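This briefing sets out the architecture, contacts and local backbone features of the model shown below. Please read it alongside the sequence and the coordinates.

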Amino acid sequence: MTAAIEVRAVEKRFGNVGIIRDLNLSVAQGERHAIIGPNGAGKSTTFNLISGHIKPTSGEVRLNGDVISGLQPFEINRRGLSRSFQVTNVFARMSVWENVRCAVLWATGHRYAFWKNVDSLPEVRERTAQILDDIHLTHRRDVPAGLLTYAEQRELEIGITIASGATVVMLDEPTAGMSNAETERAVALIRRLTEGKTLVIVEHDMSVVFGLADRISVLVYGHIIASGTPEEIRGDPKVKEAYLGEEAH
Amino acid sequence: MNTATTSTSKAPAKPGGDGLRFYGVWLIGIAALIVLPMIFSSGGSLTSFSLIGIAIVFALSYNILLGQTGLLSFGHAVHYGLGGFAACHMMNAVVSHGWPIPLPFIPLFGGLGGLVFAMIIGWVMTKRAGTVFAMISLGIGELVASSSLILRSVFGGEAGITTDRTALPKMLGWSFGPQLQVYYLIAFWLVLSAIAMYALTRTPLGRISNAVRDNPERVQFIGYDPHVVRYLAFCFAGFFAGVAGGLTAINFEIANSALLGAIQSGLVLFSTFIGGTAFFFGPILGAILVTYLQLGLTNLTTAWQLYFGIIFIGIVMYAPGGIAGLLMMHRPLIRAGTLWTVIPSYLVAIVPTVALACGVILTIETVARYSGGEAINLFGIGFKPQSPVTWVVAAVLVVGGAFVARLTWLRIADAWDRASTVARDRGYLA
């Protein structure tokens with residue numbers, strides 16, 4: 001079976017500075033894959049490279065076997081890859097309902113239609129309502145997204161990301177800045193909403209990572225030094241030295 | 001909070017319950033357009049209403065860019081003017097070829113004129129939003145405006161292109177010679193365009209335009225190309241601006257380079273912003289006010305443009321949501337039943353604020369009329385611009401008015417704080 005995401009020998013340089021060096025990563029279909037690493041290791045850059053936000057200097061990225069490196073973000077999204085952002089990135093002046101609905105429109109085939117009334121599209125309405133229900137924001141549906149609490153905005157961020165029904169979901173630090181209770185809630189949410197999908201997640205909270213992930217990759221200075229099951233990663237001496245060891249002190 | 005949250009979660013899918021009120025507003029608007037010339041039937045009023053109707057279509061078309069898609073254009077009059085020229089050429093062609101096209105169809109060709117130019121120029125222009133778009137729009141505006149004086153065969157040079165609307169085939173016995181008939185033609189196109197532009201905001205494209213306005217980066221990650229969204233919005237804006245231009249051509253029976261110049265572009269930006277870009281009806285209010293002031297103030301003072309500038313700066317600084325934003329701010333208070341608590345502070349503030357405004361007017365008029373020496377008539381009171389008494393009165397009104405007005409404005413802010421806290425507690429304000 002082809003991997004959901006296959007990153008081969010990807011390099012990203014900004015001027016003379018190599019941020020990502022010889023990055024290789026393979027995420028199997030249906031796998032929950034966590035990317036961990038110290039600050040500045042290039043985790044978000046890796047996300048940006050895969051989702052098309054920035055283009056690799058060399059190397060290639062494949063989604064379900066097709067090369068996607070070099071494509072525009074919206075082209076990659078249309079092929080079934082959706083991502084969230086570390087810094088909340090919603091449509092601030094639009095209501096919660098509108099935020100999710102916008103994310104549903106392309107996938108339901110309405111695209112740039114200017115001859116249909118958006119309020120009378122039953123499948124759009126149902127899907128939007130379903131996602132609002134899933135992220136527990138139905139009671140806030142008419143509130144402008146910019147006025148939500150931080151935790152609510154993070155949930156909306158996840159809602160927008162999964163709304164298109166993408167089969168590959170990438171979440172960039174979905175629980176950053178959340179309290180313990182909020183984190184627990186968010187993890188349960190992520191687990192439920194990505195059921196049967198491929199999940200790639202960047203996360204600092206080790207309890208989240210080891211609780212959620214089937215496989216973990218450790219990124220240090222733009223290079224993946226280890227990739228394996230949580231047990232393998234825990235026991236890996238290289239990881240201990242480069243990352244977990246430092247954390248333990 | 002709890003009571004409100006349960007009530008909103010049970011609310012039916014929009015618009016549902018608001019339907020009756022929604023159609024009511026439109027029907028009242030249409031009825032007003034029909035009845036208006038029967039109440040105010042003088043030639044001057046008809047001319048004013050016609051101009052206001054055209055200005056509304058133009059401002060609404062501009063808001064497709066500014067309010068809906070977040071594109072600040074300094075050259076929107078290009079599409080308006082080209083629509084006007086297209087309409088004039090079409091009218092002349094209809095007459096000379098004897099085509100069976102009556103006048104009411106002409107604005108459609110104006111719209112096509114605006115649309116075709118938008119389609120040609122738009123793809124490059126809308127590649128980027130923000131400053132890049134604003135600068136290019138300014139450049140294109142100047143380019144077309146200067147071309148209109150150079151390319152004489154199309155634009156008729158300084159004189160422009162003239163036409164005769166009564167020479168077209170009659171429709172239902174209407175010759176469109178009298179201004180009243182032209183008014184109804186404009187009113188018809190105003191209703192048609194307003195409904196179409198409102199409907200556009202309720203389509204998938206209209207919603208995604210808002211998303212592009214709020215966050216073009218994120219739009220790319222929900223499957224949309226913001227460039228395509230901006231381009232389509234630009235084309236629609238161009239079309240409706242062209243319709244407005246076509247109506248102008250019919251109204252004046254002429255199209256000239258003034259239609260597509262920077263002044264027109266500035267005026268539409270002005271009307272739309274003063275009215276308020278965040279609500280569909282904002283530009284309607286703005287167009288009515290600005291056109292009315294333009295017609296009224298030019299008779300009263302030579303410094304009318306100065307007043308426009310002051311109003312504009314005031315709105316930008318103190319009420320960036322425009323008139324519509326100011327009005328809609330009160331909606332949650334009305335719903336929460338706390339509006340009455342802020343009204344007294346408004347009434348108190350009126351007196352010093354009006355005094356301040358009078359002081360400003362007196363100062364401006366004194367400066368404007370000093371050398372000419374004509375008297376200033378402010379609410380029936382005569383002031384001589386050369387008289388020191390006038391200067392003192394102006395200074396007292398400005399300084400004293402500003403000082404007291406500030407205090408009363410703080411009271412308004414206090415009353416607002418209290419009223420909106422209550423509204424928030426009752427769940428009418430997020």
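A residue is buried if 20 or more other C-beta atoms lie within 10 Å of its own, exposed if 12 or fewer, and partly exposed in between, with C-beta atoms placed from the backbone. By that count A:Asp22 is partly exposed, because 14 other C-beta atoms lie within 10 Å. The model is predicted: local features need pLDDT of at least 70 and side-chain atom pairs count only at pLDDT 80 or more, while totals for chains, interfaces and linings use all residues. Residues are numbered from 1 along each chain as its sequence is written, and chains are lettered from A and ligands numbered from 1 in the order in which they are written.

**Overall form of chain A**

- Chain A contains nine helices and 10 strands; helices (H or I, at least four residues) and strands (E, at least two) are DSSP runs, numbered from the N terminus.
- The radius of gyration of chain A (taken over C-alpha atoms) is 18 Å, close to the 18 Å that the globule rule gives for 249 residues, so chain A is as compact as a globular protein of that length. The globule rule is 2.2 Å times the number of residues to the power 0.38.
- Along the principal axes, the C-alpha atoms of chain A fill a box of roughly 55 × 40 × 35 Å.
- Of the 249 residues in chain A, 45% are buried.
- Two residues are in contact if their C-beta atoms, placed from the backbone, lie within 7 Å. Among the contacts in chain A with a separation of 6 or more, 64% join residues 24 or more positions apart.

**The open sheet of chain A**

- An open sheet of four strands runs in the order β2-β1-β4-β5 in chain A, with antiparallel pairing; two strands pair if DSSP finds at least two bridges between them.
- β2 (17–27) and β5 (66–67) of chain A stand at the edges with a single partner strand each, so one side of each has no neighbour in the sheet.
- Strand β4 (residues 58–63) of chain A pairs with β5(A) in the antiparallel sense over two bridges. A:Arg62 has A:Val67 in β5(A) as its bridge partner.
- A:Ser58 lies in strand β4 of chain A and counts as exposed, because it has 11 C-beta neighbours inside 10 Å. A:Ser58 and A:Arg13 are 45 residues apart in sequence, yet their C-alpha atoms are 9.1 Å apart in space.

- A:Ala9, in strand β1 (residues 5–14) of chain A, has a positive phi of about 50° although it is not a glycine. A:Ala9 is exposed, with 12 other C-beta atoms within 10 Å.
- A:Asp22, in strand β2 of chain A, is not a glycine either but has a positive phi of about 45°.

**Pairing around β9 of chain A**

- Strand β3 (residues 32–36) of chain A pairs with β9(A) in the parallel sense over four bridges. A:Ile35 stands opposite A:Ser217 in β9(A).
- Strand β9 (residues 215–220) and strand β10 (residues 223–228) of chain A pair in the antiparallel sense over five bridges. In β10(A), A:Gly228 is the bridge partner of A:Ile216, and A:His223 is that of A:Val220.
- The hairpin of β9(A) and β10(A) has two residues between the strands, and A:Tyr221 takes a positive phi near 50° there.

**Interface between the chains**

- Contacts link 29 residues of chain B with 40 residues of chain A.
- On the side of chain B that touches chain A, the elements giving two or more residues are α1 (2–10), α9 (204–214), α10 (216–219) and α11 (226–252) of chain B. α9(B) gives the most, with seven residues.
- The residues on this side of chain B divide into 14 nonpolar, eight polar and seven charged. Here Ala, Val, Leu, Ile, Met, Phe, Trp, Tyr, Cys and Pro count as nonpolar, Asp, Glu, Lys and Arg as charged, and the others, Gly among them, as polar.

**Domains and nonpolar cores**

- Chain B is assigned domain 1 (32–304) and domain 2 (331–425), with bounds from an automatic or database domain assignment. The centres of these two domains of chain B, taken over C-alpha atoms, are separated by 35 Å.
- A nonpolar core is a set of buried Ala, Val, Leu, Ile, Met, Phe, Trp, Tyr and Cys residues joined through C-beta atoms within 7 Å. In the largest, of 161 residues, B:Ile56, B:Val57, B:Phe58 and B:Phe240 touch the most other members. α11(B) gives the most to this core, with 17 residues.
- Leaving aside neighbours within four places in sequence, B:Phe58 is in contact with B:Tyr80, B:Ala241, B:Ala244 and B:Val268.
- Another core, of six residues, lies apart from the largest one and includes B:Leu333, B:Ala336, B:Val342 and B:Leu429.
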